Amino acid sequence: MVKFNNVKKQYKDFCLDCSIEIPKGQITGIIGRNGAGKTTAFKAMLGLIKIDGGTIELFGKDVQKLTAQDRQRIGVVLADSGFCGYLTIKDYAPMLAAMYSDFSKEKFVSECERMELPINKKIKDFSTGMKHKLLILTALSHNADLLVLDEPTAGLDVIVRDEILEMLQDYMKTEERSIIISSHISSDLEGICDDIYMIDNGKIVMHEDTDEILGSYGLIKVTRNQFEKLDKTYVLKSFEADFGYNCITNQKQFYLENYPDIVIENGSLDLMMRMFLQK
């Protein structure tokens with residue numbers, strides 16, 4: 001569905017240099033610090049910025065060679081996406097109908113009503129959560145095969161986030177669709193993503209299946225004395241703490257079986273961020 005092959009984009013003080021692949025039928029998450037390169041990668045994927053090296057393919061084509069019909073297969077929500085605040089959903093629907101050949105005005109309005117969005121209210125008067133729901137519904141409105149979502153749940157309360165994640169899960173019930181999504185909220189990605197890429201300073205520093213992260217990785221908490229006696233064969237990284245040491249492992253079960261007296265926390269995306277990004 002999407003393939004980055006040694007893609008490079010050079011700015012004055014930043015360089016994106018990465019390879020990423022998103023197959024059909026999969027949700028892929030992108031995590032990293034602010035400024036790590038997530039949005040740059042998304043804009044390069046959409047052809048919004050010109051790359052300096054490598055290739056990007058969507059639907060088996062170079063992104064620069066996509067036709068207007070190809071681009072209708074993409075639904076997009078970028079961090080700086082927005083609407084004309086003086087329009088209403090009733091005004092907005094005919095515009096979408098003119099833009100997308102596979103758009104159903106009746107279905108779109110029905111979905112907006114189901115998500116409790118007021119049809120005749122100006123969008124500038126919507127709450128932040130309502131605007132985000134409208135962005136997602138717009139991306140879903142024309143039966144796209146690929147969704148590109150940059151921080152779609154940022155700044156939202158847990159109820160609205162759950163509603164948006166439910167929409168994405170419903171979208172994936174149709175086979176051979178794909179989503180690439182970034183988020184600062186690790187629990188959102190843990191719940192829906194098949195795999196995770198971590199990007200730091202423009203480079204991919206980790207790629208792992210989500211099930212592997214949650215099932216095999218763990219955080220070992222030991223005293224200094226326990227640390228000295230610990231078999232460190234499967235310790236990937238350790239950090240000194242007030243009480244002793246925190247150790248990250250990708251073989252949690254080994255330590256559970258051989259060290260029943262030590263504390264081991266389950267793996268998480270937050271743990272992976274600490275492992276790869278903490279200096």
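Q: Which residues gather in a patch of negative charge on the surface?
A: Asp194, Asp209, Asp211 and Glu212 form this patch. Patch members have over 30% relative accessible area and no salt bridge, and like charges are joined within 9 Å. A salt bridge is a side-chain nitrogen of Lys or Arg within 4 Å of a carboxyl oxygen of Asp or Glu. Asp and Glu count as negative. The model is predicted: local features need pLDDT of at least 70, side-chain atom pairs count only at pLDDT 80 or more, and totals for chains, interfaces and linings use all residues. Residues are numbered from 1 along each chain as its sequence is written, and side-chain values use heavy atoms, with hydrogens and water left out.

Q: Why is glutamate 212 called partly exposed?
A: Its relative accessible area is 34%. Buried means under 20% and exposed over 50%, with partly exposed in between (1.4 Å probe, protein chains only); glutamate 212 is therefore partly exposed. This residue lies in helix H8 (residues 210-216), helices being DSSP runs of H or I with at least four residues.

Q: What makes strand E1 and E2 a pair?
A: Two strands pair if DSSP finds at least two bridges between them. Seven bridges join E1 (residues 2-10) to E2 in the antiparallel sense, so they pair. Lysine 9 stands opposite leucine 16 in E2.

Q: How do you know that strand E11 pairs with strand E13?
A: Six bridges link E11 (residues 218-223) to E13 (residues 244-249), antiparallel. Isoleucine 220 has cysteine 247 in E13 as its bridge partner.

How values were computed:
Patch = residues over 30% accessible without salt bridge, like charges linked within 9 Å, V, L, I, M, F, W, Y side chains within 5 Å. Areas by Shrake-Rupley, 256 points an atom, 1.4 Å probe, with all protein chains shown as cover. Charge placed at Lys NZ, Arg CZ, Asp CG, Glu CD. Helix = DSSP H or I, 4+ residues; strand = E, 2+ residues; numbered from the N terminus.
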